[in-house]
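Morning, everyone. One structure today, and I'll keep it brief. Please have a look at it first.

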Amino acid sequence: MKGLWYLIGVLTIILILINNPKFTSLGGFPSKLSGLNITRSTQKNLQIIIIVNICLFLVWTILYVLSSTIY
């Protein structure tokens, strides 16, 4: 249960870094890629995925706290 909680948290951070409009490559790291070529619809879909991921993280946090207090 805790491993899934960590996975959701790390995935949320990665998605937020990818969504940053100031950088043209992943997280601003220099790479040989020419960029992500993000269109408006792709950016909107990415924002929806981020919102869902944040909600999952919050729900999973509540479930984790409730389950740890029961046992």
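How many aromatic pairs does the count come to by the ring-centre rule? Three aromatic pairs. Keep in mind that this is a predicted model.

Let's take the pairs in turn. A pair of aromatic rings is described by the distance of the centres and the angle of the planes. Start with Trp5 and Phe57. Their ring centres are 5.8 Å apart and their planes sit at 10°. Planes under 30 degrees apart count as stacked, so this pair is stacked. It also links distant parts of the chain. Trp5 is in helix H1, residues 2-18, and Phe57 is in helix H2, residues 40-70. That is 52 residues apart. Phe57 has 27% relative accessibility, so it counts as partly exposed.

Next, Trp5 with Tyr64. Here the centres are 5.7 Å apart and the planes are at 15°, so this pair is stacked too. Trp5 lies in H1 and Tyr64 in H2, so the pair ties together parts 59 residues apart in sequence. Tyr64 has a relative accessible area of 23%, which makes it partly exposed.

Put together, Trp5, Tyr6, Phe57 and Tyr64 form one aromatic cluster.

Now the overall picture. The protein has two helices and zero strands. Of its 71 residues, 14% are buried. Take the contacts with a separation of 6 or more: 77% of them come from residues 24 or more positions apart. The accessible surface is about 5800 Å², and 72% of that belongs to carbon and sulfur atoms.

On to H1. At 1.5 Å a residue, its 17 residues should span 24 Å; the end C-alpha atoms are 25 Å apart, which agrees. The buried residues in H1 are Ile8, Gly9, Thr12 and Leu15. Down the axis, they fall within an arc of 130°, so they line one face of the helix. An α-helix has 3.6 residues a turn, so residues three or four places apart point the same way. What do the buried residues of H1 pack against? They pack against H2. The face turned away from the buried side carries exposed residues, Leu7 and Ile13.

Last stop, the loop between H1 and H2, where Asn19 lies. Is Asn19 buried or exposed? Buried: its relative accessibility is 15%, and the cut-off for buried is under 20%. Leaving out residues up to four places away in sequence, Asn19 touches Gln43, Leu46, Gln47 and Ile50.

That's the tour. Over to you.

How values were computed: Residues are numbered from 1 along each chain as its sequence is written. This is a predicted model: local features need pLDDT of at least 70, side-chain atom pairs count only at pLDDT 80 or more; totals for chains, interfaces and linings use all residues. Side-chain values use heavy atoms; hydrogens and water are left out. Rings of Phe, Tyr and Trp (its six-membered ring) pair if their centres lie within 6.5 Å; planes under 30 degrees apart count as stacked, over 60 as edge-to-face and the rest as tilted. Helices (H or I, at least four residues) and strands (E, at least two) are DSSP runs, numbered from the N terminus. Buried means under 20% relative accessible area, exposed over 50%, partly exposed in between (1.4 Å probe, protein chains only). Contact means heavy atoms within 4.5 Å. Accessible areas come from the Shrake-Rupley method with a 1.4 Å probe; for residues, only the protein chains shown count as cover. The expected span of a helix is 1.5 Å times one less than its number of residues. The arc is that of the directions from the helix axis to the C-beta atoms.
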